Amino acid sequence: MEVEIIAHRGFSSIAPENTLAAFSAAIEHQADSIEFDVQLSADGVPVVFHDATLTRITGTLGKVRKRTVAQLKDLDAGVWFSDRYRAEPIPTLKEALIAIESLKKFLYLEVKTHRAWSDTQIDELVDLLLELGWANRCILASFNPLFIDRVRQRADMLNFGYIVSTRKGYRTQLVKAANAGNTVIMSAYPLLLKYPGLIKASQERGVDVVAWTVDKPKDFQKLVELGVVRIETNCLIGPGVTKKRRFLLRSRFMD
């Protein structure tokens, strides 16, 4: 079985995170899958952006949920990273889904709940995923399990992910994931290294594990030795890195 390389916020070590440039770079450098963050603008449009506030990425004060999509489009989401990416816009979810259509495997769509989602907005999110052909290629995830449960009640044909960072949270969500099916556990990787029994418990219950965010080769290899084959990374991507590592991993650790 091959390791699935998931580009965290796109190829975010060489292009500004959560932008079309980062997604294009991830695909160009042969990442299998992409993870990115989505939240609602003031007028209810899903946009790709991680932070609740705009300061770190755009240098502008204020919250994403307080700006309309038109106002967000006027901001620069690239120049903070490099002058090369000056005027890189904040993408809408629809723009991002279209841009990564050629992705080989999965989109891990992390929904931020900095602003409450209405049932109508959840329906519109599901409709968009179905309309653009992502029903079987998208794993809808969140730190808020109640949000995932709400979506599941309305669209159980999708795939889901519970994001965890504590041992207690992992165990709680593992039970739910195993009972529900079509759900992965997305765990902070130090937790998996500290408590490898969590990986075994997941395997025994038929639940896949996604490790985030792994940027050190030694940690990458240790996780694979423990049986984790879905790994999010900012930088361990590309023909010069990934192909060689996959060959080594297949020959050393895989059946």
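Predicted model: local features only at pLDDT ≥ 70, side-chain atom pairs only at ≥ 80, totals over all residues.
Strand β6 (residues 159-164) is largely enclosed by the rest of the structure, because five of its six residues are buried.

**Strand β6 and its neighbours**

- On one side of the account stands strand β5 (residues 138-142), which pairs with β6 in the parallel sense over four bridges; within this pairing, Asn-159 of β6 is the bridge partner of Ile-139.

**Aromatic pairs**

- The count of aromatic pairs comes to six, and one of them joins Phe-81 and Tyr-85, which is classed as edge-to-face because the ring planes stand at 70°, over the cut-off of 60 degrees, with the centres 6.0 Å apart.
- With a relative accessibility of 29%, Phe-81 counts as partly exposed, whereas Tyr-85, at 12%, counts as buried.
- Trp-117 and Phe-147 form another edge-to-face pair, with 5.6 Å from centre to centre and 65° between the planes.
- This pair links distant parts of the chain, since Trp-117 lies in the loop between β4 (107-111) and α5 (119-131) while Phe-147 belongs to helix α6, 30 residues apart; both Trp-117 and Phe-147 are buried.
- Ring pairs also link Trp-80 with Phe-81 and Tyr-85 into a cluster.

- Rolling a probe the size of a water molecule over the atoms shows where empty space is left.
- One cavity of 30 Å³ or more is counted in the model, and the largest cavity holds about 60 Å³ of space.
- The largest cavity is lined by 13 residues, of which Glu-17, Asn-18, Val-48, Phe-49 and Ile-57 are the closest to its centre.
- Sorted by class, the lining of the largest cavity comprises seven nonpolar, three polar and three charged residues.

Note on methods
Residues numbered from 1 in each chain as written. Heavy atoms only, no water. 1 Å grid on protein atoms, 1.4 Å probe; cavity = no way out; pocket = protein on both sides within 12 Å on 5 of 7 lines; lining within 4 Å. Points joined across faces, edges and corners; volume = space filled by probe spheres on them. Nonpolar A, V, L, I, M, F, W, Y, C, P; charged D, E, K, R; others polar. Buried < 20%, exposed > 50% of the residue type's maximum accessible area, 1.4 Å probe, protein only. Helix = DSSP H or I, 4+ residues; strand = E, 2+ residues; numbered from the N terminus. Pairing = 2+ DSSP bridges. Phe/Tyr/Trp six-rings, centres within 6.5 Å; stacked < 30°, edge-to-face > 60°.
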